[in-house]
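Please have the sequence and the model open side by side. I will go through a few places in turn, starting with a sheet.

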Amino acid sequence: MDHVDLLVLGSGPAGQKAAIAAAKLGRRAAVIERKEMVGGVCTNTGTIPSKTLREAVLYLTGLNQRELYGQSYRLKDEITVADLSARTQHVIGREIDVIRSQLARNRVELMSGTGAFIDPHTVEVTDEGGTRRAVSADKIVIAVGTRPARPPSVEFDGRTTVDSGQILALERVPESMVVVGAGVIGIEYASMFAALGTKVTVVERRPRMLEFCDLELVEALKYQLRDLAVTFRFGETVHEVARSNGATLTVLDSGKRIPADTVMYSAGRQGVTDTLNVVAAGLLADDRGRIEVDETFRTSVEHIYAVGDVIGFPALAATAMEQGRRASYHAFGEPVGGSLSALQPLGIYTIPELSFVGRTEDELTSESVPFEVGVARYRELARGAILGDVYGMLKLLVHADTRELLGVHVFGSQATELVHIGQTVMGCGGTVDYLVDAVFNYPTLAESYKVAALDAVNKMRAVRTVEG
């Protein structure tokens, strides 16, 4: 029987970094993954293909250039799935090559197949041909990720009714679509298809979308999506989805009936632990297939760790990578320094983008923290005019007494890139005064930080003047 120092189940961002970190520490590491899923969901059906699709949509529709060249501007009149998938498949293939190369370069063995526990230290690997082999390990990391959760009452056929993993395989761009669920994934795909010209209706049982985001930015996003003809049905629940003649009819509990070519369910994610036989390892998963861990990412079994989406929130690729590294370091007694920073940015790749780091206005208000708001609007920046982005904005939340940055919220072009400037200032304990004094390249969107900082400082100065 083969034996390794660290055995990782899953080759997504968390699993890759866990295995490579162990290899860098001089340990023998191996990763178990299905042949067709190297890189995990992130590379094959999730983050990478969906963000590549987004860029292809923006390019082919010419959406970002319409402010400059007119609302009728399009790079291509009839956009097909083949147009979109060509770029997506190219990027996926490239990413898989990079991952295989990184694992090989670090002498991490990639075991092809699926794994299931035999006992707490042993996993049985079954390859695509049905051949089985047992592998034992001193330490084990579970990084199997998640799959789209599917309501049991819904029949998914991959054409008229799909989940977020199937939507990339549609044969054609639908003329109309119902998106059930206004979470991150649902809203991202709703915006992409709306940009393609699909008539999209979003159904969400909660009263608003993206509740964890700044309300003002969410309202700005809703305005832009409505401008793309997206209809929102908040506080509504799907009663049933009927199918006939190759189309669907979504019936809501309120009695509303919505015809559409396709219905996409975005009903959360389910941990892929059901085939792992975790009970044999002495572990239990919750009803969503998630495994509970402590602050070091160790499970209730001392030598077994779990990282990435399978442990739940925040379920972000970037966070998962750091979790994987930290789990390996802890497993082999390597100091890692501090805890995983609370200053983790969150990026939502809608059209337009939305990203933030730190706390929101609602959170600070509920905690009775005194703060001031500084705002910069892209339409007031030369780079915003050059890009044709008149709706973007950056918002800084500044402590009214200490002047430290408490939150950075960005909406519009390059939001997911811009947020890192604020993240760095916050992480280094900088204040709003640093941004006021800093010199940014001109013309850039980055100078929005200086504009917003000056706005906040001017408001704070006005308050002091009144107070005497």
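Three strands form an open sheet here, in the order β12-β13-β14, and their pairing is antiparallel. Strands, like helices, are DSSP runs numbered from the N terminus: a helix is H or I with at least four residues, a strand is E with at least two. Two strands count as paired if DSSP finds at least two bridges between them. In general, strands of a sheet pair through backbone hydrogen bonds, either parallel or antiparallel.

At the edges are β12 (238–244) and β14 (257–260), each of which pairs on one side only. From one strand to the next the twist averages 20 degrees; the axes behind that angle are lines fitted to C-alpha atoms, for helices over the stretch in contact, and angles run from 0 to 180 degrees between N-to-C directions. Between β12 and β13 (residues 247–252) there are six bridges, in the antiparallel sense. To find one of them, look at Ala242, whose bridge partner in β13 is Leu249.

Before going on, a word on the source. This is a predicted model, where local features need pLDDT of at least 70 and side-chain atom pairs count only at pLDDT 80 or more, while totals for chains, interfaces and linings use all residues. Residues are numbered from 1 along each chain as its sequence is written, and side-chain values use heavy atoms, with hydrogens and water left out.

Now the interior. A nonpolar core is a set of buried Ala, Val, Leu, Ile, Met, Phe, Trp, Tyr and Cys residues joined through side-chain atoms within 4.5 Å. Buried means under 20% relative accessible area, exposed means over 50%, and partly exposed is in between, using a 1.4 Å probe and protein chains only. The largest such core has 51 residues, and Leu84, Phe193, Val202 and Met209 have the most contacts inside it. Which helix gives this core its largest share? That is α6 (residues 184–195), with seven residues. Apart from this core lies another, of 48 residues, including Leu7 and Phe332.

Met209 has contacts, meaning heavy atoms within 4.5 Å, with Ile187, Val218, Leu221 and Phe232, among others, leaving aside neighbours within four places in sequence.

Back to α6. This helix has twelve residues and spans 17 Å from first C-alpha to last, close to the 16 Å expected at 1.5 Å a residue; the expected span is 1.5 Å times one less than the number of residues. Ten of the twelve residues are buried, so α6 is largely enclosed by the rest of the structure. Among the buried ones are Gly186, Tyr189 and Phe193. Just after the helix, Gly197 takes a positive phi of about 105 degrees.

Next, the loop between β17 (304–306) and α8, where Pro314 sits. The peptide bond from Phe313 to Pro314 is cis, with omega near 5 degrees. Ala315 is in this loop too, and has a positive phi of about 55 degrees although it is not a glycine. At 39% relative accessibility, Ala315 is partly exposed.

Thr319 belongs to helix α8 (residues 317–331). Is Thr319 buried or exposed? Thr319 is buried, at a relative accessible area of 5%. Its side chain makes a polar contact of 2.6 Å with that of Gln344. A polar contact is a pair of N or O atoms within 3.5 Å; within protein, one must be able to donate a hydrogen and the other to accept it, and residues adjacent in sequence count only if both atoms are side-chain atoms.
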